[in-house]
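This report looks at a set of packed helices and the nonpolar core they share. The structure comes first, then the details.

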Amino acid sequence: MDIPQNKDSGRSQAPSRGRGRGRGRGASNRGGQKARISKQTPQSSTPPANGESSSSAAENTASSNQKPNQPKNSRKQNPARRFNGSLTQSNTQTQAPLPIPVVETNGEEDIRTRLERELRTGQVECLICFEVVKTQDKTHSCNTCFSVHHLKCISEWAKASYSQPFKEGDAKHWRCPGCQTKSFKIPREYRCFCNRQRDPRPGKLAVPHSCGQSCSRKRQHCKHPCPLPCHPGPCMDCQSPIYVKCHCNKTTTPVKCSYAARDPESGKVLSISCGDMCGRKLGCGQHKCQAPCHPGPCSPCLEVEKSKCYCGKESAEKPCGTRGYLGKQSCHSKDEFYVALWECSNTCGDFFDCKVHQCQELCHPPSRQALTCPLSPSVVTHCPCGKHLLNDLPNGQRSSCQDEIRSCGETCQKQHKTCDHACEAQCHTDDCPPCQVSITTICRCGASKVTRQCHEVQREGDEVLCERVCHSLRLCGKHECMKRCCPLREFEDRRGKRKALLETHIAVPDEVMRMWHTCELVCGKTLSCGVHKCMESDHKGKCGPCLNASFDELTCSCGNTTLEPPIPCGTQVHCSYPCNRPPAPCGHPRPAHTCHDDAVGCPPCPFLTTRTCQCGRSTIPNVRCSQETVRCGRVCDKVLDCGHRCKKPCHTGECRADGEQCQAVCGRLRALCAHIDTSPCHGASLCDESNACQTVVIATCKCGTQKSKVCCGASISNPHSKQDDYLECRSSCVTAERNSRLARALGITDSYKRKHDTHYTADMVQFALVNYGFVGGIQKAYNDFLASQDRALQLPLMNKSRTQFCVAYAEAYGFDTQLFQETLTIRRKIGSHLPSQLITSVVDESKQKNNGVVELRKSVAPTPQLSRQTSVTSSTHQSDDWEEIS
């Protein structure tokens with residue numbers, strides 16, 4: 001590459017070495033790149049940097065040695081020119097712009113070379129702010145993924161991670177945005193890549209943000225320091241030679257340190273195979289290994305030899321190197337001499353010198369002479385416990401091995417083979433019985449004590465578990481421990497919390513709590529991303545952030561906003577562009593709103609329109625277009641199949657779903673008493689009259705003075721209604737009759753009117769004058785009903801005034817009235833009679849007095865109003881379905 005010369009320099013230009021004189025600020029910023037390319041001179045013995053080939057370095061050297069064809073200029077031609085004056089002084093000859101050197105790289109560059117190239121050319125971007133990492137910026141490099149970030153960005157990133165909640169027991173940490181590696185220290189200092197120098201100031205030829213000194217970082221499983229200058233990325237493979245021995249320790253081979261096979265855990269250099277014969281002795285001690293040099297022990301010897309067992313009773317071919325518990329033995333039997341290598345499974349069976357007892361031991365080398373009998377008197381001189389001589393015991397002398405060994409009768413006191421206790425049995429010849437010493441063991445939770453014998457402890461173990469269940473809360477704070485005989489059960493209080501532990505001030509180590517009270521259930525809560533579940537053990541507090549990430553681009557619905565990977569799980573795109581979805585099916589324009597996800601619908605249409613209600617009987621204006629269901633608020637009032645009317649508000653579909661029962665009252669007249677059946681609707685089936693009728697009726701005496709409310713009580717078992725019975729007259733009835741006669745005789749107002757004396761109110765007479773035809777029809781219906789044998793008469797529900805008149809006029813006949821839903825029921829009762837004076841007669845007399853003129857002016861007296869709760873028809877009857885409202 002040819003470097004342009006400064007025309008104003010007073011001497012010939014040598015090959016460029018870094019930044020030239022008088023080239024301006026723009027050229028000085030590119031000095032580091034040109035210096036790295038142009039400093040390859042023939043005198044330099046340094047190899048080409050950054051993987052450049054020797055041919056490219058030679059071309060650069062040759063081009064730099066060539067002298068340009070421009071004329072030489074001396075200092076005297078422009079004596080007023082100052083150093084670097086091109087920045088402030090103008091020149092008649094415009095200097096051509098310096099070309100930016102291009103670093104040529106191949107497609108197989110490693111991470112270190114790529115990072116050096118990108119740092120020199122300003123192509124490294126911070127993964128946090130996505131800005132270019134400049135040469136003058138303070139940086140921080142990850143030791144795992146080697147990504148370079150701004151120091152300020154990574155510090156704020158770490159502080160934000162520290163402020164998030166952590167799970168109980170986890171230390172505060174932050175994760176690298178590139179590789180998610182945990183770090184426990186917030187980076188605050190600007191250091192070079194080798195972490196040796198603080199606030200490095202690299203030279204012109206050094207990599208930006210490096211110290212320019214030797215890296216000397218230690219590599220994994222290698223004791224040699226890195227020989228390269230301070231650099232980003234991983235260190236190069238160690239090229240230092242090391243000497244590795246072969247498996248058989250015969251030869252030593254030099255290999256590169258990075259190429260040597262190592263143990264993945266310890267990093268120790270493993271031996272290699274030299275390819276020669278191993279030659280080590282095999283386990284038999286006679287033959288040598290014929291396999292090539294190999295790691296590990298040699299294989300067993302495959303040679304076969306014929307040998308006898310120790311007792312000489314069996315002989316077989318065994319692999320070479322087979323040895324018994326005595327090894328190789330020279331044995332002398334009575335007949336021959338042989339070499340034994342192994343033992344058989346037979347017992348010896350040879351007779352002792354007594355010729356009575358036989359040897360019961362397993363295979364062992366024979367003896368030339370008979371062995372002494374172990375029960376011989378010369379061998380057994382003491383009692384079985386060993387405390388007394390047999391000769392000192394009565395009848396304890398023995399003359400042969402067949403004589404009985406006498407017992408001294410004392411406690412054995414020999415130590416058991418399986419424990420440290422002494423045998424408590426009486427002196428005996430056979431093995432000691434199981435140890436009977438009582439041992440008290442405390443259970444694991446410390447609440448119970450169990451006493452067992454020593455041999456039971458040896459058989460069952462030292463640990464004892466009681467049946468108590470621990471109800472303390474686990475570390476999750478939600479589930480109980482429920483372990484049997486838990487050691488931490490003593491810290492449980494009545495409510496299952498650790499209040500008792502706090503009151504006693506006993507500090508339980510966290511390791512013990514985690515060992516016994518760690519919740520074994522999976523947390524399973526949905527993480528903040530809303531997609532994945534927390535798969536860790538159930539814990540207190542919030543779950544940690546979702547660590548899953550996507551490495552695909554995330555684009556909004558309109559396609560104008562795109563997020564680059566890596567993208568944390570649960571990230572949503574917030575696009576500020578307007579939504580570009582087509583208009584709504586209603587035809588109205590959509591309200592202005594920003595782009596959103598497909599799962600979130602567009603805002604509802606705000607325009608007003610006219611809708612038909614669900615029952616289809618009304619049209620509702622000024623309804624929002626987005627409102628699909630509109631109700632008019634009226635009762636459906638459709639007739640059901642059971643005869644009742646639907647009382648639901650305006651709705652769509654069938655009035656009664658499949659399997660739904662009618663919730664209305666039956667409302668039909670009972671056959672026995674003609675009262676309304678108040679049981680739930682039962683369709684077309686007959687009313688159930690097995691239960692007594694609970695309708696309240698008014699029973700009177702014969703004179704009409706005594707009145708009482710009673711239940712009807714009619715049923716299939718007792719069809720007689722209490723309404724048909726008279727009450728017994730009392731002394732007050734006689735007094736009322738006498739007072740009534742006396743009042744009539746003296747012309748005083750009779751307040752004790754009898755039941756057959758009819759008196760109509762002024763409102764009734766006024767209503768009859770105005771509605772003479774209607775009153776005549778009601779009167780004819782009442783007369784026909786009184787003459788018939790029917791128990792009840794049902795009239796359709798009329799307007800308010802007519803209903804009031806019908807109820808009041810029924811009292812004059814002595815009828816019982818009941819309002820139910822849309823029907824007025826007139827029911828005869830005992831004492832029903834024809835009024836002493838019909839109301840039509842009263843109206844006719846009034847017309848004759850007024851000469852045929854009808855007074856249409858309303859009466860001043862207040863007229864009672866009836867509502868659908870209670871009916872007050874007169875002073876003698878009151879129903880529970882209507883009430884009087886004044």
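## The largest nonpolar core

A nonpolar core is a set of buried Ala, Val, Leu, Ile, Met, Phe, Trp, Tyr and Cys residues joined through side-chain atoms within 4.5 Å. The model is predicted. Its largest nonpolar core has 27 residues. Tyr-760, Tyr-782, Phe-805, Tyr-809, Ile-826 and Ile-839 touch the most other members. Two or more residues each come from H10, H11, H12, strand S23 (823–827) and helix H13 (839–849). H12 gives the most, with six residues.

A second, separate core has 16 residues. Val-133, Val-148, Cys-194 and Val-207 are among them.

## Contacts of Tyr-760

Neighbours within four places in sequence are left aside here. Tyr-760 is then in contact with Val-765, Tyr-809, Ala-812, Pro-835, Gln-837, Leu-838, Ile-839 and Val-842.

## Helix H12

Helix H12 covers residues 800–812, 13 residues in total. From first C-alpha to last, H12 reaches 19 Å. That is close to the 18 Å expected at 1.5 Å a residue.

Which residues of H12 are buried? They are Thr-803, Gln-804, Phe-805, Cys-806, Val-807, Tyr-809, Ala-810 and Ala-812. Gly-814 follows H12, and its phi is positive, near 80°.

## H10 against H11

Helix H10 (residues 762–770) packs on helix H11 (residues 772–787) at an angle of about 110°. Their axes are 5 Å apart. Angles of 65 to 115 degrees count as roughly perpendicular, so H10 and H11 are roughly perpendicular to each other.

From H10, the contact uses Phe-767, Ala-768, Leu-769 and Val-770. From H11, Tyr-772, Phe-774 and Val-775 meet them. By class, this contact has seven nonpolar, no polar and no charged residues.

## H11 against H13

H11 also packs on H13, at an angle of about 150°. Here the axes are 10 Å apart. Angles over 145 degrees count as roughly antiparallel, so H11 and H13 are roughly antiparallel to each other.

H11 contributes Tyr-772, Val-775 and Gln-779 to the contact. H13 contributes Ile-839, Thr-840, Val-843, Asp-844 and Lys-847. The residues divide into four nonpolar, two polar and two charged. Tyr-772 and Val-775 of H11 take part in the contact with H10 and in the contact with H13.

Key:
Residues are numbered from 1 along each chain as its sequence is written. This is a predicted model: local features need pLDDT of at least 70, side-chain atom pairs count only at pLDDT 80 or more; totals for chains, interfaces and linings use all residues. Side-chain values use heavy atoms; hydrogens and water are left out. Helices (H or I, at least four residues) and strands (E, at least two) are DSSP runs, numbered from the N terminus. The expected span of a helix is 1.5 Å times one less than its number of residues. Buried means under 20% relative accessible area, exposed over 50%, partly exposed in between (1.4 Å probe, protein chains only). Axes are lines fitted to C-alpha atoms, for helices over the stretch in contact, and angles run from 0 to 180 degrees between N-to-C directions. Angles under 35 degrees count as roughly parallel, over 145 as roughly antiparallel, 65 to 115 as roughly perpendicular and the rest as oblique. Contact means heavy atoms within 4.5 Å. Ala, Val, Leu, Ile, Met, Phe, Trp, Tyr, Cys and Pro count as nonpolar, Asp, Glu, Lys and Arg as charged, and the others, Gly among them, as polar.
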